[in-house]
Amino acid sequence: MSATRIRELIVTPIAFSDPPLLNSNGCHEPLALRIILQLVLEDGTVGLGESPGGAARLERLEIAAQTVVGMDVFDATAVSAAIDTALRPTVDSSHERGWTSSAVEVACLDAQGKLLGRPVSDLLGGRVRDTVPFAAYLFYKWAEHPELDGRPAITDDWGAALDPAGIVEQARLMHERYGFESFKLKGGVFPPDEEIAAIRALAEAFPGRPLRLDPNIAWTVETSRYVAEQLDGVLEYLEDPTRGIEGMAEVARTAPMPLATNMCVIAWEHLKPAIEQGAIQVLLTDHHYWGGLRRTRELAAVCEAFGVKLSMHSNSHLGISLAAMTHVAAAIPNLDHSCDTHYPWNSGDEVIVGGPLKIENGEVRVPTGPGLGVDLDHDVLERLHRRYLDSGMKGRDDTGYMRTFQPEYELRLPRW
Ligand SMILES: O=C([O-])C(=O)C[C@H](O)[C@@H](O)C(=O)[O-]
Ligand SMILES: [Mg+2]
């Protein structure tokens, strides 16, 4: 049996602490879900991967685990194709299938790097930068997760941010703690004029620093056009103001700044119509659903060819994902904007040895060890797996959580 064949894919769902961050869907629950992958080769080498959590993603990764056994880890393209074929009968959307194959591809590349003694960025063509810039990801938030069914309130050291002053204070903390030089505000929470005021307050507090606003399709075309006009000269880009490629194209016709997305272009088949209609000028790529790190590198080349600028999307995540994001961002020459990351919002829960990766001067140094350059802390993995089992959670439900405190809360997109 060849040493580079896949013996087993171990799939471990975990839960980690998350603060009460607000968005256009509601509020983050006290726990966020992820799934950790260990791809074990015949010679004992282990490749790591990290995927968003939830019952559906877990089930699909379990199908992938049965599919990849016996395949060669250097056949990463065939591994992705086999997973895609295995999921096709039950999962229609190529975007949804992409989440599964992407996580396994990262684990394949980590294992390949470990076998070769080279960092993943080398497998992607080599790094063109030693550090990768990230943006401070600002959220409106409550001071604490309120007390619930006998569970005491859960506090954090960020405090509340419910108005422009709170957002500026949060940005100052992000800058002080991590050195971020650019700022993204998650909007779609308060009426647009309040969010315009928050962006203006940030511009005053941090003159000349790149600013972005992302209301996650909370606005109509008309409202989006109004906000875009109000923030002329203030935003580096406006992200997903309204739903769909057609809606974005309508906004783009009058918006004075570039429009960005991680919502209306999320699969290869969306690129052609979006580019033809001039719907987006910036794509937030995300290796977790674009097919993995090699496909993300290819996506960057497509964007370059069509003059679409590149940024990077994130969701609540841990260090294996951050390492993967950093390797691919390091290998992309046309990374035009700093990347998003939720990483500072984790309150110390981390499955990699040595604790959280460092963000300094708003940047993450590209790991130079073999593979992703991070190792799994098995004790923490076990603890966070227990927490997942005890939680009984099956998926993310920002709207349901919001309703436990505000029963009249309704999910409405667009809301304004
Ligand atoms: O840029 C984005 O759309 C995101 O980061 C999506 C996330 O789900 C964000 O809205 C969040 O964590 O609440
Ligand atoms: Mg977004």
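In this predicted model, the axes of helix 2 (residues 76-87) and helix 3 approach to within 9 Å and cross at roughly 155°. Because angles over 145 degrees count as roughly antiparallel, helix 2 is roughly antiparallel to helix 3. The crossing of these two helices is right-handed. On the side of helix 2, the contact is built from Ala76, Val79, Ser80, Ile83, Asp84 and Leu87. Helix 3 answers with Arg97, Thr100, Ser101, Val104, Glu105, Cys108 and Leu109. Sorted by class, the contact of helix 2 with helix 3 holds 7 nonpolar, 3 polar and 3 charged residues.

Helix 2 also has a partner in helix 1 (residues 55-68), and here the two pack at an angle of about 125°, with their axes 9 Å apart. That angle makes helix 1 oblique to helix 2. Helix 1 passes helix 2 in a right-handed crossing. Arg60, Ile63, Ala64, Thr67 and Val68 of helix 1 take part in the contact, along with Val79, Ala82, Ile83, Ala86 and Leu87 of helix 2. The residues between helix 1 and helix 2 divide into 8 nonpolar, 1 polar and 1 charged.

Helix 5 (residues 164-178) and helix 6 (residues 192-205) pack at an angle of about 45°, and their axes are 8 Å apart. With that angle, helix 5 is oblique to helix 6. The crossing in which helix 5 passes helix 6 is right-handed. Pro164, Ile167, Val168 and Ala171 in helix 5 meet Ala197, Ala198, Ala201, Leu202 and Ala205 in helix 6. By class, this contact of helix 5 with helix 6 comprises 9 nonpolar residues, with no polar and no charged ones.

Turning to the overall layout, the chain is divided into domain 1 (6-117 + 378-390) and domain 2 (123-365). The C-alpha centres of domain 1 and domain 2 are 23 Å apart. Between them, 35 residues of domain 1 are in contact with 40 residues of domain 2. On the side of domain 1 that touches domain 2, at least two residues each are supplied by strand 1 (6-17), strand 2 (22-23), strand 4 (31-41), strand 5 (46-52), helix 3 (94-116) and helix 12 (378-391). Helix 3 gives the largest share of that side, with 12 residues.

Just after helix 12, Gly392 takes a positive phi of about 70°.

Two other backbone details complete the picture. Asp149 has a phi near 45°, a positive value in a residue other than glycine. This residue, Asp149, sits in the loop between strand 8 (144-145) and strand 9 (154-155). Further along, the peptide bond from Leu413 to Pro414 is cis, with omega near 5°. Pro414 belongs to the segment after helix 13 (398-405).

Conventions. Residues numbered from 1 in each chain as written. Chains lettered and ligands numbered in written order. Predicted model: local features only at pLDDT ≥ 70, side-chain atom pairs only at ≥ 80, totals over all residues. Domains from an automatic or database assignment. Contact = placed C-beta atoms within 7 Å. Helix = DSSP H or I, 4+ residues; strand = E, 2+ residues; numbered from the N terminus. Axes fitted to C-alpha atoms, helices over the stretch in contact; angles between N-to-C directions. Parallel < 35°, antiparallel > 145°, perpendicular 65-115°, else oblique. Left-handed = near helix turned anticlockwise from the far one by under 90°. Nonpolar A, V, L, I, M, F, W, Y, C, P; charged D, E, K, R; others polar.
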